[in-house]
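Subject: Structure handover and findings

Dear colleague,

Please find below the structure I am handing over to you. The findings follow directly after it.

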Amino acid sequence: MKKIAAVLVILLAGYFGLLQQAGNAPVGLPGGSEHSVGDDQITRAFRQRAKDLRVRGEGEVIRLLADDLDGSRHQRFIIRLDSGHTVLIAHNIDLAPRVDALDKGDSIEFSGIYEWNDRGGVVHWTHHDPQGRRQGGWIEHRGKRYR
């Protein structure tokens with residue numbers, strides 16, 4: 001039985017590897033399975049209208065937005081990935097510290113949950129999970145990690 005399970009795992013890994021090379025692989029599993037890093041993952045997520053997908057990447061801040069104060073407070077800004085794709089970052093400042101001295105043109109790295117929208121998508125859950133039920137995310141700016 002263990003041999004059959006091992007063979008199935010190897011076959012599935014090869015199958016998804018071929019799909020990924022062809023650009024048709026699922027971008028991830030709901031709830032936060034992290035498969036790849038960077039622009040390609042987020043671009044595929046946008047094309048596939050993915051929701052609840054754990055992503056990680058980096059980009060340049062192109063626009064600072066007013067904080068969202070409805071319900072949990074969120075620091076909001078838009079980043080541009082190297083591919084040119086833009087994404088809204090919604091960082092919960094009730095659960096994590098505000099990203100200090102964030103300016104247009106700054107580079108950030110992030111880990112969080114991607115949700116599709118027609119404007120490029122939003123990344124949220126860039127903070128720890130206070131109940132410890134799911135993997136938390138973060139934002140890194142100027143060598144400091146905010147979670």
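By class, the lining of the largest pocket comprises four nonpolar, four polar and one charged residues. Please bear in mind throughout that this is a predicted model. The volume of this largest pocket is about 150 Å³. Its lining is made up of Leu 65, Ile 78, Thr 86, Val 87, Leu 88, Asn 117, Arg 119, Gly 120 and Gly 121. Strand 3, which covers residues 86–92, supplies the largest share of that lining, namely three residues.

Overall architecture

The protein has two helices and seven strands. Along the sequence these follow the pattern α-α-β-β-β-β-β-β-β. The protein consists of 147 residues, of which 38% count as buried. Among contacts with a separation of 6 or more, 50% are accounted for by residues 24 or more positions apart.

Which residues of helix 2 are buried? They are Asp 39, Gln 41, Ile 42, Thr 43, Arg 44 and Ala 45. Thr 43, which lies in helix 2, has a relative accessible area of 19%. Because the cut-off for burial is under 20%, Thr 43 counts as buried. Leaving out residues up to four places away in sequence, Thr 43 touches Ser 83 and His 85.

Just after helix 2, the backbone at Arg 49 adopts a positive phi of about 55 degrees, although Arg 49 is not a glycine. Arg 49 sits in the loop between helix 2 (39–47) and strand 1 (51–64). Is Arg 49 buried or exposed? With a relative accessibility of 55%, Arg 49 counts as exposed, since the threshold for that class is over 50%.

Arg 142 is placed in the loop between strand 6 (138–141) and strand 7 (144–146). Its relative accessible area is 57%, so Arg 142 is exposed.

Gln 75 belongs to strand 2, which spans residues 74–80. The relative accessible area of Gln 75 is 7%, and the residue is therefore buried. What does the side chain of Gln 75 reach? At 2.8 Å, it reaches the backbone nitrogen of Val 99. Once neighbours within four places in sequence are set aside, Gln 75 is in contact with Asp 67, Ile 89, Ala 90, His 91, Ile 93, Arg 98, Val 99 and Leu 102.

With kind regards

Note on methods. Residues numbered from 1 in each chain as written. Predicted model: local features only at pLDDT ≥ 70, side-chain atom pairs only at ≥ 80, totals over all residues. Heavy atoms only, no water. 1 Å grid on protein atoms, 1.4 Å probe; cavity = no way out; pocket = protein on both sides within 12 Å on 5 of 7 lines; lining within 4 Å. Points joined across faces, edges and corners; volume = space filled by probe spheres on them. Helix = DSSP H or I, 4+ residues; strand = E, 2+ residues; numbered from the N terminus. Nonpolar A, V, L, I, M, F, W, Y, C, P; charged D, E, K, R; others polar. Buried < 20%, exposed > 50% of the residue type's maximum accessible area, 1.4 Å probe, protein only. Polar contact = N/O pair within 3.5 Å; in protein donor to acceptor, adjacent residues only side chain to side chain. Contact = heavy atoms within 4.5 Å.
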